[in-house]
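Please examine the sequence and the structure shown below.

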Amino acid sequence: MSGEVRIRELGPGRYDVLDAVVEGLSPTSRYHRFHTPAPRPTPQVREALAAVDGRSHIAVAAFAADGTPVGIARLIAVADGHSELAVEVVDEWQGRGIGGRLVRDVVERGRAAGHRSVRAAVLAENVAAQALFFAVFPAAIALPAAHEIGFAAELAGHGALCAA
């Protein structure tokens with residue numbers, strides 16, 4: 001398994017990529033990402049995740065050198081330039097900076113498409129996702145709740161994203 005990955009924008013209906021990434025998540029990683037112990041997304045959620053249009057729903061994926069999908073990040077517009085951000089990286093590829101690369105790429109595409117801010121709901125126990133959000137968005141706001149932490153960051157202005 002090489003450490004090199006390519007990131008490409010996803011088009012609509014890429015169930016193959018979605019399914020491969022979800023399959024590569026451990027039960028703990030799936031719980032952290034989808035906030036449910038279900039082994040896979042429901043058909044309705046799966047359909048929504050594949051409904052990429054390149055404007056209000058933007059998704060990018062990371063592919064290993066052999067073409068295997070190893071991660072996905074997406075922005076979904078919710079209202080008035082605000083968007084929900086989500087990212088998942090298969091367990092074997094976690095800890096290599098792929099999540100940060102995916103988030104930076106999808107956010108730049110989102111910024112170009114008019115997305116003005118991002119939000120993410122992260123489980124309080126998911127410290128890796130919290131660290132990723134602050135690494136990419138150093139000026140992010142965190143709003144702790146009972147079991148989740150809500151993150152918010154603006155995309156406008158210079159220096160909104162950390163390049164490292």
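Which helices and strands each supply at least two residues of the lining of the largest pocket? They are α2 (27-34), β3 (69-79), β4 (82-89), α4 (98-112), β5 (117-123) and α5 (127-136). This is a predicted model, in which local features need pLDDT of at least 70, side-chain atom pairs count only at pLDDT 80 or more, and totals for chains, interfaces and linings use all residues. Residues are numbered from 1 along each chain as its sequence is written, and side-chain values use heavy atoms, with hydrogens and water left out.

On a 1 Å grid over the protein atoms alone, a pocket is an open set of points with protein on both sides within 12 Å along at least five of seven lines, a cavity is a set where a 1.4 Å probe fits but cannot get out, and lining residues have an atom within 4 Å of a point. The largest pocket has a volume of about 810 Å³. Among its 31 lining residues, Val87, Glu88, Asn126, Ala129 and Leu132 are the closest to its centre. β4 provides the largest share of this lining, six residues.

A search of the whole structure finds one cavity of 30 Å³ or more. The space in the largest cavity is about 40 Å³, and its lining includes Leu10, Arg14 and Arg74.

Methods
Points joined across faces, edges and corners; volume = space filled by probe spheres on them. Helix = DSSP H or I, 4+ residues; strand = E, 2+ residues; numbered from the N terminus.
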